[in-house]
Amino acid sequence: MRRAQRPPRAHRALLRKLLSGSVVGRTILGDVEEEHQARFLRDGQRAADAWYRSQARRLCLRDLRLRLTTSSAWRRRRRSGTPESRGRTTLWLTPFASLWQDARYALRSVAVYRGRSLAAVAMLALAIGIATAMFTVADALLLRPVPFPDADRLARLTMRDDRGNALISVPPEVFHAWRASTAFEAVEGARSTFAWVGFDGGEVNRVVARVTPGLFAMLGGVQPLRGRLFGPADGQPDRDDQVLVSENLWRSLYAADPSLVGRTVRIDDRPATVVGILPAEFRFPDASTVIWRLDAFDRPDDRPPIVYARFARDVPRDDALALATAQAHDAGAYADTRANATPLQFDYGDYRDGVIQMLAGAVLLLFVVLCANVAGLLLGNLTSRVHEFSTRTALGAPRGRLMRQAFLEAAMLGAGGSAAGAALAWLIVSAGHTILPPATLGGSLNTLDIDLRALSAAAIAGVAATLGAGLIPAISGTRTGVSRLLQTSGHSSPMRGARAATRALLVCQVALSCTLVFGATLLVRSFINLAGQDRGLDVSNVLAANVGFPAESFTTPEARLSAASSLRDAARALPGMTTLSWSHGRPPRGNTYGGLWTSDAAGAEPVDMIVHVFGVEPDFFDLYRVPILRGRPFRASDHVGDSWWDLPDTAVLVSEHFASTLWPGQDPLGRRFTFGESPELRVIGLVRDLYLPSLDDATDVPEIYVPFGEPGVFAVLSMRCGGPCPDPNQVREQLKAAHPGGRLLNEVAPPESGYLAHLSNPRAAATLGSSFALIALVAAAAGLFCLFSQSVARRRRELGVRTALGATPAHLRRLVWSEGLIVTLLGIAIAAIASVALTRLLSSMLLDVAPTDPLSWAIVVITLVAAIAAAAWYPTKTAVRASPVALLRED
Amino acid sequence: MRQKSPLGEFEQLVLLAILQLEKDATGARIARELEGRAARSASRSALYTALDRLEKKGFLRWEVRAATSSDRGGQPVRRFAVTEAGLEAIREAHAAWTSLTTGLEDLLGRKTS
């Protein structure tokens with residue numbers, strides 16, 4: 001059997017390369033192969049191959065000529081709009097048929113430079129992911145209104161006095177008067193507390209809201225997942241044992257059991273019937289509320305509700321509030337108070353808002369750094385890409401086609417980066433609840449959903465940067481004459497302008513990351529200062545339990561005292577307990593008394609201030625290590641069985657802050673003072689101030705300490721342990737067993753948790769700021785690494801000559817470093833200027849750290865130098881190790 | 001109105017070869033026909049250029065068929081056919097030829113015989 005003879009391999013491959021792109025080309029390939037076979041049989045292999053080679057050469061030239069002329073003719077025809085009636089029949093298909101080919105080419109190009117492409121995609125993903133996540137958080141916390149229809153008509157109602165102070169709560173009579181009023185469309189009440197929620201495996205402490213039945217109708221748009229909401233018939237005195245459960249609790253505690261609706265659960269050891277399950281998106285009155293329980297707020301011993309109202313459409317707000325004020329006065333409110341409405345968005349305070357704004361700014365900087373890095377990476381091998389494009393132009397590739405290929409290549413990177421960025425944003429936002437502390441995040445009534453606007457904006461900006469950087473080589477390559485390129489050596493770049501642009505990008509990157517590192521350093525140092533700040537007491541190895549003495553179980557003070565005593569005995573029996581003390585108020589917060597404090601000094605003006613009042617047993621000061629500076633602690637004889645408010649001449653200890661306010665420059669011992677209409681109190685001792693770890697001195701208020709008396713409905717048992725404390729759960733079980741009829745209101749926990757809320761925002765700011773700075777630093781280091789690598793690659797020949805002429809490795813290292821050093825120094829100089837503005841912005845978040853703080857700057861400089869050293873390490877090694885002979889031979 | 005394109009000599013030969021080959025006019029066969037019958041050994045580049053030109057003038061059309069023999073390395077084959085316009089052009093050329101050769105039979109016949 002005759003065996004087909006293959007034509008000469010190289011020429012065949014060349015022909016295939018050129019012609020196999022089109023059907024016509026392939027028929028020509030077939031024709032010459034057929035002829036080669038015929039000639040092989042007729043004239044022998046040598047003659048057939050010679051013929052094939054000569055034909056291949058001519059056909060190649062013809063094809064190149066054709067590509068140039070046909071495509072330009074095709075473009076001309078396209079411009080003039082003449083229909084393509086004749087000529088190459090496949091021509092009109094070219095743009096579409098070649099699109100797939102171009103896409104494959106772009107994919108191959110991405111694969112060839114895969115390290116760089118992967119790095120670019122990763123950076124882009126990081127930029128888009130972080131920016132989207134951050135703006136999602138900022139949107140949920142700062143920008144978006146509360147998630148209820150007509151949210152601007154919803155408000156929280158308070159009574160304020162003439163000095164603008166909000167009263168702690170609205171009296172129940174006023175609340176009921178407002179509910180009956182026509183000033184508002186609806187007035188409802190809600191109050192969150194912690195409660196123990198029972199399930200099969202035990203019980204957990206969760207936020208439970210007591211609400212009036214109409215609350216959900218007033219907010220609007222609330223649909224239960226299962227069951228029903230509270231109806232008008234609910235809330236009758238005999239039907240207040242009904243609860244709604246959140247989807248989160250339903251899933252986590254009750255394994256999404258569909259039969260939960262209608263079943264009974266135990267809340268604070270009392271049975272309650274579940275009537276419905278609310279979706280996880282419903283968060284009210286607090287983000288962490290998981291159970292809603294009916295309450296008419298008509299029992300006198302209940303804590304009064306927070307009052308929420310929906311303004312009527314047709315009643316002006318001022319009129320509604322004036323009417324509400326008049327009704328409040330009729331219901332017995334103080335004459336110097338008036339109704340006040342605040343928007344329903346949770347009031348987070350300036351610090352939290354400042355943090356979010358600051359972090360959003362940092363993310364913007366980080367975004368710019370990362371995009372610059374993506375651009376820098378793509379411009380990294382600009383010279384070789386420009387060579388590639390100009391050579392292809394010279395071979396006849398149409399400019400549009402090359403631009404399209406470059407566009408597709410950049411678009412692929414952009415699309416990859418955007419997709420990965422969206423995934424990353426989703427991951428970050430999903431993990432947001434663990435990354436961000438409840439104090440930063442939890443207060444929001446909005447749920448965290450990926451903000452599509454932010455995602456699109458970030459993706460568009462990222463893709464634009466990628467396209468910009470990806471098209472530059474194509475633009476300049478198709479413009480630069482090939483002759484000019486061929487005149488220059490492959491190792492020296494003709495693209496001085498582009499190199500300058502790359503360097504300028506790097507200077508910006510270094511400057512931005514330096515600014516971020518500086519800002520993060522200030523925040524971290526500030527947080528360290530804050531956390532280590534003197535608090536005026538020692539809470540290490542202390543546990544505290546909030547204990548309830550419900551009026552229905554403990555009817556007399558004696559019963560409560562006896563229960564408190566047996567609880568103390570139970571606690572003392574626990575291993576390692578050394579000191580125990582009952583108190584009202586749990587450090588750092590006592591009971592808050594705001595009003596007029598008047599000293600016994602002659603002609604003294606009353607001072608309007610808020611004071612934390614602690615009712616304490618004698619051992620309290622020893623337990624919390626609060627030093628008594630002057631005078632004496634309480635004695636058993638100071639202790640009275642009733643409230644300090646009703647008894648004359650109660651002995652008190654006051655803090656330095658309180659003493660210096662009421663008796664500036666005088667000895668407070670033995671002095672007397674009153675609070676509002678109270679009987680006189682007598683100062684028997686002076687103790688140190690307690691401080692909150694806060695940036696705002698105004699959060700620190702004076703303290704006074706009165707004798708404990710009796711527990712009332714609620715008191716705190718503090719326990720100091722000789723060493724590390726026993727397991728809080730074990731302590732809780734022990735106390736619970738010793739307290740029949742009573743309740744432990746919260747988890748037994750160290751008082752340290754009282755400080756965490758104050759520290760969580762600064763900690764979040766420091767953590768996130770540092771993370772962003774670290775990412776920016778790594779990005780800048782990657783940019784510098786590219787710069788060093790390119791510099792070494794470009795100067796290989798020069799380095800080879802220098803090595804051959806006897807340059808030492810140290811000398812070569814200096815050469816490589818010098819370029820990066822200029823970039824870095826310029827960046828630091830710009831950052832130093834930017835830092836002045838930055839510290840002004842950050843000033844409200846800094847504690848005991850000056851913008852010119854040498855330690856912070858030292859940290860920044862050392863970090864940057866380390867980053868540069870890391871970036872320069874490998875390229876320098878390559879430069880020093882390269883053999884001069886091999887380098888010189890390369891050309 | 002489209003200007004009538006004159007047929008070059010090589011183009012006339014290519015058209016005639018296609019007419020001779022009838023339905024078997026592939027690139028390779030045309031080349032062989034030209035070589036065998038007219039003793040014209042044209043390069044493939046010249047042949048395809050002529051074919052493209054004839055197609056642009058509207059004298060040719062072609063269709064692509066799948067490969068029929070293993071000699072072609074699995075590549076498809078292009079079959080050419082002369083269009084009506086092509087046939088008209090070759091008739092005109094032939095008429096001009098005949099008219100111009102009338103009376104020169106002895107001279108031409110001696111040379112060709």
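This is a predicted model: local features need pLDDT of at least 70, side-chain atom pairs count only at pLDDT 80 or more; totals for chains, interfaces and linings use all residues.
I started with the S-S torsion of A:Cys721 and A:Cys725, which comes out at about 100 degrees, so the disulfide is right-handed. The term here covers a pair of cysteine sulfur atoms within 2.5 Å, and the A:Cys721 to A:Cys725 link has S to S at 2.0 Å.

Residues are numbered from 1 along each chain as its sequence is written, chains are lettered from A and ligands numbered from 1 in the order in which they are written, and side-chain values use heavy atoms, with hydrogens and water left out.

**Cysteines**

I counted disulfides over all chains and got 1. Next I looked up accessibility (buried is under 20% relative accessible area, exposed over 50%, partly exposed in between; 1.4 Å probe, protein chains only).

**Chain A overall**

I find 26 helices and 21 strands in chain A; these are DSSP runs numbered from the N terminus, helices being H or I with at least four residues and strands E with at least two. Of the 891 residues in chain A, 49% are buried. I then took contacts (heavy atoms within 4.5 Å) between residues at least 6 apart in the sequence of chain A, and 80% of them join residues at least 24 apart.

**Where chain B meets chain A**

How many residues of chain B are in contact with chain A? I get 25 from chain B, against 27 of chain A. The buried area is about 2,400 Å², with carbon and sulfur atoms giving 48%; that is the accessible area (1.4 Å probe) that two parts lose on being put together, summed over both. Three residues, B:Arg44, B:Asp71 and B:Gln75, supply 25% of what chain B buries against chain A, more than any other three.

I looked at one of them, A:Glu35 with B:Arg32, at 3.2 Å N to O.

Which parts of chain B supply at least two residues each to the side that touches chain A? They are helix H2 (27–38), helix H3 (44–57), strand E1 (60–65) and strand E2 (77–82). H3(B) gives the largest share, 8 residues. I sorted that side of chain B into 6 nonpolar, 7 polar and 12 charged residues. My classes: Ala, Val, Leu, Ile, Met, Phe, Trp, Tyr, Cys and Pro are nonpolar, Asp, Glu, Lys and Arg charged, and the others, Gly among them, polar.

I noted a cis peptide bond between A:Phe284 and A:Pro285, omega about -5 degrees. A:Pro285 sits in the loop between strand E7 (270–278) and strand E8 (289–294) of chain A.

In chain B I turned up B:Glu22, not a glycine, yet with a positive phi of about 55 degrees. B:Glu22 lies in the loop between helix H1 (9–21) and H2, exposed at 61%. B:Ala39, also not a glycine, has a positive phi of about 55 degrees too. I place B:Ala39 in the loop between H2 and H3 of chain B. Buried or exposed? B:Ala39 is exposed, at 65%.

Definitions and conventions:
A salt bridge is a side-chain nitrogen of Lys or Arg within 4 Å of a carboxyl oxygen of Asp or Glu.
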